[in-house]
Amino acid sequence: MTSQRPLPADDFGIYYVLAECTDHYDTCPVNKADENQPHFQGVTGLRNLGNTCYMNAILQCLGSISPLVEYFLSGKYITALQKDCREVATAFAYVMTDMWLGDSECVSPEIFRSALGNLYPAFTKETQQDAQEFLIYVLNELHEALKKYHRRRSYEKGSIPRCCRKVMANESSIITQLFEGQLNYSIMCLKCESCTYKNEVFTVLSLPIPSEYECSLQDCLQWFFQQDTLTWNNQIHCSFCETKQETAVRASISKAPKIIIFHLKRFDILGTMKRKLRTDIHYPLINLDLTPYICPVFRKHPKYNLCAVVNHFGDLDGGHYTAFCKNSVTQAWYSFDDTRVSEIPDTSVQTATAYLLFYSCQPFSIPIKKRKS
């Protein structure tokens, strides 16, 4: 689905100066026209602590996922905390509480940055970081702090095809319950046609972009899940042939997560060449159909609705992140640009700057009602 038209103009626009972060330690903007407007739960800006827009965008997106927020606001996380790694999860709970139960138009995520920075010093430096990498670190640390161990259970081998069986994890957390999915790879030797299977868990699915100009999210998904033939130096050892052979590999989803996160691979590095793909990717706000990619036995939640977006403006070496999030209280979409927050129409959620897409298979309820003072 390519069209021969000029590449999109530089998407940085007015944000170009933000590579140096002119909003350094920004404060909450005062808009007199909005002084009498109600402050809705979860519609709270985050201060930029010096090139921390990547962190703010991720926190806003995670803060829009009601089951996750409810888990922390209700205090359920406290009983699950591991003694040796509770700092990040506790700091995350404080930030979610400020965003959802506080009265301020914006709050500082300094406590969270400090906690994560103790483990990963790169996040304490005033340099731009990749939002997708930051997200993975956050999810991993929250899982490590909140995981519970279980005895490994066996599954019903007779009733489930071998290619679709799920691995029964021996540890789980609110993170695995919401975000963890599983890919199944069928690997067929093209000489003897024997087939083996490999399972791989994921929390973020990185999708290739098949066009420099324009495509759809379904195009990206089809390209990711299409059969791939491994030849020459990529051949895989066949245990039946007892030598390396050309192999056909195809992936499918054997466990679809409740919240599926797509990472659009806009950053391309070829040798010493770096570039950003500015492809205009069309993605649905409702009814994303994953049926073609899910193993038939596990098509429990085949359709998903968009709940949050991380946008990236600029290039690899400098840029700015913002977020679009749907609020479960107002059912409206909001744009979060550090401390600047504004309601936006549904039609503005589709942009050519989308970098991370958060989809949910179920509608969100309000996490917790704000107590009246």
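Colleagues, residues are numbered from 1 along each chain as its sequence is written, and side-chain values use heavy atoms, with hydrogens and water left out. Because this is a predicted model, local features need pLDDT of at least 70 and side-chain atom pairs count only at pLDDT 80 or more, whereas totals for chains, interfaces and linings use all residues.

I begin with the helices. Helices (H or I, at least four residues) and strands (E, at least two) are DSSP runs, numbered from the N terminus. Helix α2, residues 66–73, packs against helix α4, residues 87–101, at an angle of about 105°, and their axes are 9 Å apart. Axes here are lines fitted to C-alpha atoms, for helices over the stretch in contact, with angles from 0 to 180 degrees between N-to-C directions. The two helices are therefore roughly perpendicular, a term for angles of 65 to 115 degrees. On the α2 side, L68, V69, F72 and L73 meet A89, F92, A93, M96, T97, W100 and L101 of α4; contact means heavy atoms within 4.5 Å. By class, this contact has 10 nonpolar residues, one polar and no charged.

Next, the hairpin. Strands β20 (residues 333–337) and β21 (residues 340–344) pair in the antiparallel sense over five bridges, where pairing requires that DSSP finds at least two bridges. W333 has I344 of β21 as its bridge partner. Two residues lie between the strands, and D338 in the turn has a positive phi of about 55°.

D338 is also among the residues touched by N56, together with L46, R47, N48 and P109, not counting residues up to four places away in sequence. N56 lies in helix α1, residues 53–62. Is N56 buried or exposed? Its relative accessible area is 3%, so N56 is buried (under 20%; exposed is over 50%, partly exposed in between, with a 1.4 Å probe and protein chains only).

Finally, the aromatic rings. Rings of Phe, Tyr and Trp (its six-membered ring) pair if their centres lie within 6.5 Å; planes under 30 degrees apart are stacked, over 60 edge-to-face and the rest tilted. The count comes to 17 aromatic pairs. F123 and Y137 have ring centres 5.5 Å apart and planes at 75°, so the pair is edge-to-face. F123 is buried at 5% relative accessibility, whereas Y137 is partly exposed at 33%. F267 and Y355 form a tilted pair, 5.3 Å centre to centre with 45° between the planes. F267 lies in strand β14 and Y355 in strand β22, 88 residues apart.

Conventions. Parallel < 35°, antiparallel > 145°, perpendicular 65-115°, else oblique. Nonpolar A, V, L, I, M, F, W, Y, C, P; charged D, E, K, R; others polar.
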